[in-house]
Amino acid sequence: QGSRYAQNYSLARRRDGSAGMTAGLTFNGINKSFGGAHVLRQVSLDVASGEFLSLLGPSGCGKSTLLRIIAGLERQDAGTVAIGGRRVDDLRPKQRDIAMVFQSYALYPHMSVADNIALPLRMRRLSGMQRLPLVGGLLPGSRTTQAGIAKEVTRTARALGIESLLARKPGQLSGGQRQRVAVGRAMVRNPAIFLMDEPLSNLDAKLRVQMRAEIKELHRRLGVTFIYVTHDQTEAMTMSDRVAVMAEGEILQVDAPQVIYADPANRKVAEFVGSPK
Ligand code: ADP
Ligand code: MG
């Protein structure tokens, strides 16, 4: 097509051999109020294609609202969001080439693990949408046949170590297993960008540490852009290429973890990451 945004998508390096594209993301001058509360104030950021970026800040500072705006689940009052250089403000969530993993898993309790993971593929099949709207043609046709879907579900479950759980219902799983299912459901969408909103906060400490490493491995393997929301600074600092520190609806600093530790932009950042300044 030669369109402008297509040039800003790049092929991700995937060790598992599946083809994928990733894209950078830009938001500019985002403002959002709920009633009288101004929860995002002129928030701007460039996220590079393939980068792992964390949004770090205390509860209530606007992280989830920003992520929901990127995903198209919430509409900003002002400002723009672009994926791969293309404005997406008028696109519905499903059209944005993004998958989101929530803190609360949001699995369907009456459906098996296999059906939960297969759901995005089935919906795509039903809607006849075999091409992703932004980049097009990423999904091989085989992934939208019944057999292709089953194969994809098995492959994804194997990658996440939950192949033996495919017949179970979410109620029969531990928290960590449920979170893997939620990640699997996002993975089968083959998105250009992953958004994760405190995906580990419901897990116990030991499992959290293990899942951190697994999500990092997923990022390495898929090579696509991750935006990871957390209020846990250890999580942000150990997982991220860059961290955007937020407070009260503003981004205070965006830098590599070691820079934020060594050279916090101001007292608020220093207090939040616990480094001296
Ligand atoms: P975080 O994810 O950083 O904890 P949120 O983005 O969830 O913060 O919330 C930021 C602020 O916006 C909070 O004060 C919250 O109460 C408020 N808020 C979020 N969503 C809504 C909503 N749908 N209606 C009203 N207020 C909201
Ligand atoms: Mg939140």
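Mentor: Happy to! Two strands pair if DSSP finds at least two bridges between them. Strands (E, at least two residues) and helices (H or I, at least four) are DSSP runs, numbered from the N terminus. Keep in mind that this is a predicted model, where local features need pLDDT of at least 70, side-chain atom pairs count only at pLDDT 80 or more, and totals for chains, interfaces and linings use all residues. Residues are numbered from 1 along each chain as its sequence is written, while chains are lettered from A and ligands numbered from 1 in the order in which they are written.

Let's start at β6 (residues 78-83), which runs antiparallel to β3 (residues 25-34) and is joined to it by five bridges. Here, I83 in β6 stands opposite L25. β6 also runs antiparallel to β7 (residues 86-87), with two bridges between them, and A82 faces R87 across that pairing. β6 and β7 make a hairpin with two residues between them, and G84 in the turn has a positive phi of about 55°.

Now for the wider picture. The protein chain has eight helices and 12 strands. Of its 277 residues, 42% count as buried, meaning that 20 or more other C-beta atoms, placed from the backbone, lie within 10 Å of the residue's own. Contacts are C-beta pairs within 7 Å, again placed from the backbone. Among those between residues at least 6 apart in sequence, 67% join residues at least 24 apart.

Key:
A residue is buried if 20 or more other C-beta atoms lie within 10 Å of its own, exposed if 12 or fewer, and partly exposed in between; C-beta atoms are placed from the backbone. Two residues are in contact if their C-beta atoms, placed from the backbone, lie within 7 Å.
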